[in-house]
Amino acid sequence: MHVRLATADDAEPIRAIYNAEVLGSTVNFDLVPRTLDQQQAWLSQHSGAHPAVVAACGSTVVGFASLSPYRLRPAYATTAEDSVYVHADHRGQGVGRLLLGHILGLARQGGFHSVMARIVGDHHASIGLHRSAGFRVVGTEVEVGRKFGKWLDVALLQYMVPPGHMAQPEPARTSREVTVGSPAARLVRHDQVAVSTPRTPAESNVAISDRVLAAASSRGSARHAPVPSPSRSPRSSSGSMPNRHRPIAAPGSADM
Ligand SMILES: CC(C)(COP(=O)(O)OP(=O)(O)OC[C@H]1O[C@@H](n2cnc3c(N)ncnc32)[C@H](O)[C@@H]1OP(=O)(O)O)[C@@H](O)C(=O)NCCC(=O)NCCS
């Protein structure tokens, strides 16, 4: 078993794992299965600061995890939302833990300050998985969803990146260098903001967060701005076509 970044070839197995839950459970709030086109668009949105990874046994994909933007307003740029899905035949064997650990590692490397999980209220496996990885429950949205004739609560869980784990950006030399890497590094590099040397890890995190926000504000937060889509509700992509030109995952593209 190994975990690697997802590629376009993973669209079909990811889609199969995801659609099984669309049709058979309330763990996500989609009502209509994804098409292959939609899954490919999702994959193209999940790269760079908001990656998708797969767990594979040889060439067989048995699960996936991703980071997505948490909210569209620029001040949320240092928070991401995670998703973890394991094929039903491979649950209870540590695959979810492996995937979540990997995606949290990427969140730490990527310079995020916190990671949110939104989990349907009675989903003990996912809540247990996230709690075991260091998330804590920070709230409940009551009866915000409805699927299969039932009102559904959503539990909000949060993982705070430990001080000292955020990436330290380095000065960019060319604009090409900003096309990959952390949201912090990318924004700071792109705007050529001078990087000072903070005295403590906590100061380092705060300093980087502030630079990310300053850069996002001064740039109008183009990276994190949503693509207007009148037919698309903030949390559901059902019935609407993803925008293929969106450069990164849009808020609401976490798989819940
Ligand atoms: C939630 C999910 C990802 C867990 O993956 P998994 O590979 O079965 O989990 P793991 O075997 O790695 O278990 C890791 C930890 O998760 C928790 N956990 C997993 N299954 C659980 C269950 N049925 N009940 C309670 N806790 C559970 C436990 O804390 C477990 O640690 P432990 O084995 O030491 O007790 C998997 O059930 C799944 O894909 N479900 C459908 C998709 C989904 O709901 N995704 C989350 C959307 S919010």
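Which residue in strand 5 is the bridge partner of Ala-80? The partner is Val-115. The points below concern a predicted model.

1. Overall architecture. The protein chain contains 6 helices and 7 strands. Read from the N terminus, the order of elements is β-α-α-β-β-β-α-β-α-β-β-α-α. The chain has 256 residues, of which 39% count as buried. Among contacts between residues at least 6 apart in sequence, 67% join residues at least 24 apart.

2. Strands 4 and 5. Strand 4 and strand 5 run parallel and are joined by 3 bridges. Strand 5 is mostly covered, with 6 of its 7 residues buried.

3. The nonpolar core. The largest nonpolar core comprises 42 residues, and the members that touch the most others are Val-53, Phe-64, Leu-99, Ile-103 and Ala-107. Two or more residues each come from helix 1 (11-24), helix 2 (36-45), strand 2 (52-57), strand 3 (60-69), strand 4, helix 3, strand 5 (114-120) and strand 7 (150-160). Helix 3 gives the most to this core, namely 7 residues.

4. Surroundings of Val-53. Leaving aside residues up to four places away in sequence, Val-53 touches Val-3, Arg-4, Leu-5, Ala-6, Phe-64, Ala-65, Leu-99, His-102 and Ile-103. Among these contacts, Phe-64, Leu-99 and Ile-103 are also listed with Val-53 as the core members that touch the most others.

5. The ligand shell. The ligand is surrounded by 21 residues, and the closest are Arg-91, Gly-96, Ala-125, Gly-128 and Leu-129. Strand 4 (79-86), helix 3 (95-109) and helix 4 (124-132) are the elements that give two or more residues to this shell. Helix 4 supplies the largest share, 6 residues. By class, the shell divides into 9 nonpolar, 9 polar and 3 charged residues.

6. Ser-126, Leu-129 and His-130 are the buried residues of helix 4. They lie on the same side of helix 4 because they cover an arc of only 90° around the axis. An α-helix has 3.6 residues a turn, so residues three or four places apart point the same way. The face turned away from the buried side carries the exposed residues His-124, Gly-128 and Ser-132. The buried residues of helix 4 are covered by elements including strand 4, helix 3, strand 5 and strand 7. Leu-129, one of the buried residues, and Gly-128, on the exposed face, are both among the residues closest to the ligand.

7. Backbone points to inspect. Most residues other than glycine have a negative phi. Which values do Glu-143 and Phe-148 take? Phi of Glu-143 is near 50°, a positive value in a residue other than glycine, and phi of Phe-148 is likewise positive and near 50°. Glu-143 belongs to strand 6 (residues 136-147), whereas Phe-148 is found in the loop between strand 6 and strand 7. Glu-143 counts as exposed because 12 other C-beta atoms lie within 10 Å. Phe-148 also counts as exposed, since it has 9 C-beta neighbours inside 10 Å.

Definitions and conventions
Residues are numbered from 1 along each chain as its sequence is written. This is a predicted model: local features need pLDDT of at least 70, side-chain atom pairs count only at pLDDT 80 or more; totals for chains, interfaces and linings use all residues. A residue is near a molecule or strand if its C-beta atom, placed from the backbone, lies within 6 Å of it. Helices (H or I, at least four residues) and strands (E, at least two) are DSSP runs, numbered from the N terminus. Ala, Val, Leu, Ile, Met, Phe, Trp, Tyr, Cys and Pro count as nonpolar, Asp, Glu, Lys and Arg as charged, and the others, Gly among them, as polar. A nonpolar core is a set of buried Ala, Val, Leu, Ile, Met, Phe, Trp, Tyr and Cys residues joined through C-beta atoms within 7 Å. A residue is buried if 20 or more other C-beta atoms lie within 10 Å of its own, exposed if 12 or fewer, and partly exposed in between; C-beta atoms are placed from the backbone. Two residues are in contact if their C-beta atoms, placed from the backbone, lie within 7 Å. The arc is that of the directions from the helix axis to the C-beta atoms. Two strands pair if DSSP finds at least two bridges between them.
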